[in-house]
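Please take a moment with the sequence and the model below before reading on.

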Amino acid sequence: MMSISEIFSVAPAYGIVYLVLAFILGAVFGSFLNVVIIRTPRKESIIGNHNGGSHCMSCNHKLGVLDLFPIFSYIFLGGKCRYCKAKISPRYWIVELSTALLFTLAFVAFGISYKLIIAFILISALIVASGIDIDTMEIPYGASLIVALLGVTETIVSIFTKEMPWYDHLIGVAVIAVPFAVLALFGAMGGGDVQLMAAAGLLLGWQIVPAAGIGIVLGAIGGGISMLSVPKGTKKLVSEKSNEIANEWYKKQKENGVAVIENKTDAIYGSIFDGKADIEAECVDAKLWTGKPDIDELNGMLDAELSGITKYAVSMVFDSEGVKTVSCKKQIVFGPYLSVGILTAYMFGKAIIDWYLGLM
């Protein structure tokens, strides 16, 4: 193990070279992470596709070497495809640059050590989790599993290094999983958020506390800005349309002999994301219905009327008479904010805790 200060004190030139290599490695990894973020939700292979390699999302033309230089290709091409001139999302270079900078920061924090490898993997997993959460409102299980495996690794290593008692890692899981699970029950968090933070608790131990604090504060700020950016009247429109559609749909179901049985209620729920409704058929309790309700039809009706709506959670409660309640709530993406908190705590958690205790 060698810290960056030790490297620069022995051979400053080597220190500069290592920083540049960390930046380049991060940029290359970032380019690959873009592929993972795009293809994972589509269940496509991340190492190849029907075109045999990376291709333009607009014209499907296979990309050449000049199109694939991380960060710089976007700049040289003016943010447009070289073949069809379609605009390229700036997120490609943002992910590449962010990964490059974070890899460099990790090297500054850990120097040459096993923790640097852990940090590189953690950065990659959290960037993928954040990107997919932004695109789909879901944190992939695989990303949380990778963080959990890193936590298992750190727990085992701590037995020998004594840097942190091994049981503190287990305490970290309990400390964060319980309150976040309660928040999820009240709809303030998603199941993926709880899953990710529990995994991070195993990795960070007590340092999960500043991670959660940073994530929640940033989430509150970002969520507030997101709520304020919603066009006036949108929530009312979504609520009124959803209620109208729910009544129309349920009327059709009853005409086909399908309804909630007497003296019972059933709630079905889902989301509307990028104009696509996803009311979950799995949440229907078959024992409470006289037949099988057509959820695909309900999704189709919502799609037709709410095509311009994104990131709304929808819940509908039915009884034998009709629709009891329909509620719509703007959804906030928490994954990116929690990821910032987790990564900050992993790199600087001890310093943050020492600083806080010093104030007391």
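**From a surface patch to a buried strand**

Met-2, Tyr-14, Ile-16, Val-17, Tyr-18, Val-20, Leu-21, Ile-24, Val-28 and Ile-112 together form a nonpolar surface patch with about 900 Å² of accessible area. A patch here joins nonpolar side chains (Val, Leu, Ile, Met, Phe, Trp, Tyr) within 5 Å, or like charges within 9 Å, among residues with over 30% relative accessible area and no salt bridge, a salt bridge being a side-chain nitrogen of Lys or Arg within 4 Å of a carboxyl oxygen of Asp or Glu; the areas come from the Shrake-Rupley method with a 1.4 Å probe, and for residues only the protein chains shown count as cover.

This is a predicted model, in which local features need pLDDT of at least 70 and side-chain atom pairs count only at pLDDT 80 or more, while totals for chains, interfaces and linings use all residues. Residues are numbered from 1 along each chain as its sequence is written, and side-chain values use heavy atoms, leaving out hydrogens and water.

Val-17 counts as partly exposed because its relative accessibility is 43%, where buried means under 20%, exposed over 50% and partly exposed in between (1.4 Å probe, protein chains only).

Gly-270, found in strand 1 (residues 265-273), is buried, because its relative accessible area is 12%. Leaving aside residues up to four places away in sequence, Gly-270 touches Asp-278, Ile-279, Glu-280, Tyr-312, Ala-313 and Val-314, contact meaning heavy atoms within 4.5 Å.

Methods
Helices (H or I, at least four residues) and strands (E, at least two) are DSSP runs, numbered from the N terminus.
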